[in-house]
Amino acid sequence: MLFSFVLRLAKVLRLIPVLALLVALDAHAAPAASLHITEAQWQSVDAPGFSTPPLTLSPAALPDRWQSVTLPHALPIDLLHQATAGAPLRSTRTTWFKVSLPDLKALPGPLALYGARIKTDGTVAVYIDGHLVHRAQPQGLHWNSSREPLWVLLENDGHNTPPREILIRLEHSRASQVALSSLWLGTVDSLSWRYRWRQWFQLELPSVFNAAFMAVGVFALLVWFRRRQATDYLLFFAVALASVSRGLHFSADFPVARDWFGWLTANSLFWMITVVHISIERLHGRPHAWLTRTLLGFCALVGVLTLPLLAALPITPRVTPLLYFLAPLMSATVGIVGGLSAWRRSTEAMLVAMGIGICTGLGVVDWLLQNNFISPEGWYLGVYNNAITFGIFGYLMYRRYVGAITDVEQVNAQLEQRLQTREAELADSYERLRAAEQRQTLSQERQRLTQDMHDGLGSSLVSALRVVEAGRLSETEVAQVLKSCIDDLKLTIDSMEPVEADLLLLLATLRFRLGPRLASAGITLRWEVVDVPALDWLDPRNALHILRILQEAFANILKHTEASEIRVSTSAEDGGVSVTIADNGQGFSHEEAFKNGGKGLKNQLRRAQSIGGKVRWESPGRGSRMILWVPEKRRPA
């Protein structure tokens, strides 16, 4: 019952490519230009070994043991054994098919002979009216006539005479499965599409899938080299390598021994199933150690027994069907166990389990077709197992790739959100810090103004008040004291104006304030100021120190020197800027001034030191000079 069901399923599956090409078949059909051959005669003759087919051969030279058959025709294994009963053991056998053609009218164009499949492991020879027109023999490692359709171009004899008889010679080993599909004889134009379609679907298209599978597998291997923790990429490469190795004998040729090549292609099927099982386990997360050990042990055992060096179980036509019978059982077990383990746990594992189930079904169809249980005109569907495997595992890798991109995008979004939050926190913190700095600056400025007004204006007013109360000042002297207080107040206000690190602008302010007072005192002001470097440390507090120093110098000249001219000059020297105030008065000794108290001079020294500068006095007989030097750059406090 089970075997009957499998046969029916195989017949349904093998119709899939036929249905897919139905439209193309109808569009290209040309009954008037081709003949479909379904009747033939056959016989099988023992031979001592493979031999070269003769160039000419008459059917009369063959034994007269012809039997009528209907094409397509397959020789079951039991018929081959039955034919050898009682006969001496020979190494090979030659099977002959003879087709007698009806009277054909002259067909337009060159003729061709087409057959969907000739199955043998030896030389194929085709004779037309006794002349050899086609010979195909095993060459290289990828020989496989069962998938290569028959296509013979018939040469014109010059008389446009249609052929009368076709003789097909098939050499094969005694245990090989032999089959011949129905034949088509007609013009090249009417039959070439059949050959091209079969060639493309059975050989060329699967080769394209194999190449793509291997290319992506190598890419996955390179990714694994960079990310050793991502074992899925290594498994993908292993599946690709095993799958492509399984089908190498259909499309490639390598400079290795034939028996080693057969060992590789046969064993790669079992290793592919094992790697798929390991992949399913990783997907559903429920390992089955017993099954994994069994599969690995079976692969190792088959690999050792089939080694060409040992030849304990050589890859021969008798052994290969048995091995390929075990492969569907092995893959079905993996698919069922994997599907049950993945049920409601892993969609990806279920997808792989379904894929291996489909591949198992296609493999069963191929096994039945290869062993002549179904018509030899069927299609080998197992050649698309690599396409199915590639599609499934490629989809899994695609999901991994898209998932990785999604994870990166989510992480970037989270980082961006955290960054925006942090930026908002920093902006808020900056605003609070800026407000605190503004409050601190205002408080410091308030304290500075309070101190300056207390020490300057307040002290002058208090002293003047005491003298006035004691009656020791005249009205003129009182007015002079009040003018000094007003000048001191104006200097304090001027120091708050922005000077943008420009000392000359600060001096110009001082000139504006003191110019009228000097003019009223009859003193000429010589302004010999030149450009000097900017002082980036010149803030209102330091500006007030410079103004106080210079104000004190002018006050000393007005009080003590009886000068008629004052010169103000600037220069850049010793990494700083010098301001010189010179007069033409009677001069004075600053040493004696210090001995007598010299409060004003001491204030000048103190203020110059507070801004990192220096002040000195010179009095060379006639006149005096006060020189203030301040640095161009100041070290931060």
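Modeller: In this predicted model, a residue counts as buried under 20% relative accessible area, as exposed over 50%, and as partly exposed in between.

Biologist: What makes aspartate 428 partly exposed?

Modeller: Its relative accessibility is 39%, and because that value falls between the cut-offs of 20% and 50%, aspartate 428 is classed as partly exposed.

Biologist: Why is the contact of aspartate 428 with arginine 432 called a salt bridge?

Modeller: The N to O distance between the two side chains is 1.9 Å, and since a salt bridge requires a side-chain nitrogen of Lys or Arg within 4 Å of a carboxyl oxygen of Asp or Glu, the pair qualifies. Aspartate 428 and arginine 432 are four residues apart in helix α12, and therefore separated by about one helical turn.

Biologist: How do you know whether α6 and α8 are roughly parallel or antiparallel?

Modeller: Helix α6 (residues 231-246) and helix α8 (residues 258-284) pack at an angle of about 155 degrees, with their axes 8 Å apart; angles over 145 degrees count as roughly antiparallel, and α6 and α8 are therefore roughly antiparallel to each other. The contact is made by residues including Leu235, Val239 and Ala242 of α6 and Leu269, Met272 and Val276 of α8, and the contact residues divide into ten nonpolar, six polar and three charged.

Definitions and conventions
Residues numbered from 1 in each chain as written. Predicted model: local features only at pLDDT ≥ 70, side-chain atom pairs only at ≥ 80, totals over all residues. Heavy atoms only, no water. Axes fitted to C-alpha atoms, helices over the stretch in contact; angles between N-to-C directions. Helix = DSSP H or I, 4+ residues; strand = E, 2+ residues; numbered from the N terminus. Parallel < 35°, antiparallel > 145°, perpendicular 65-115°, else oblique. Contact = heavy atoms within 4.5 Å. Nonpolar A, V, L, I, M, F, W, Y, C, P; charged D, E, K, R; others polar. Buried < 20%, exposed > 50% of the residue type's maximum accessible area, 1.4 Å probe, protein only.
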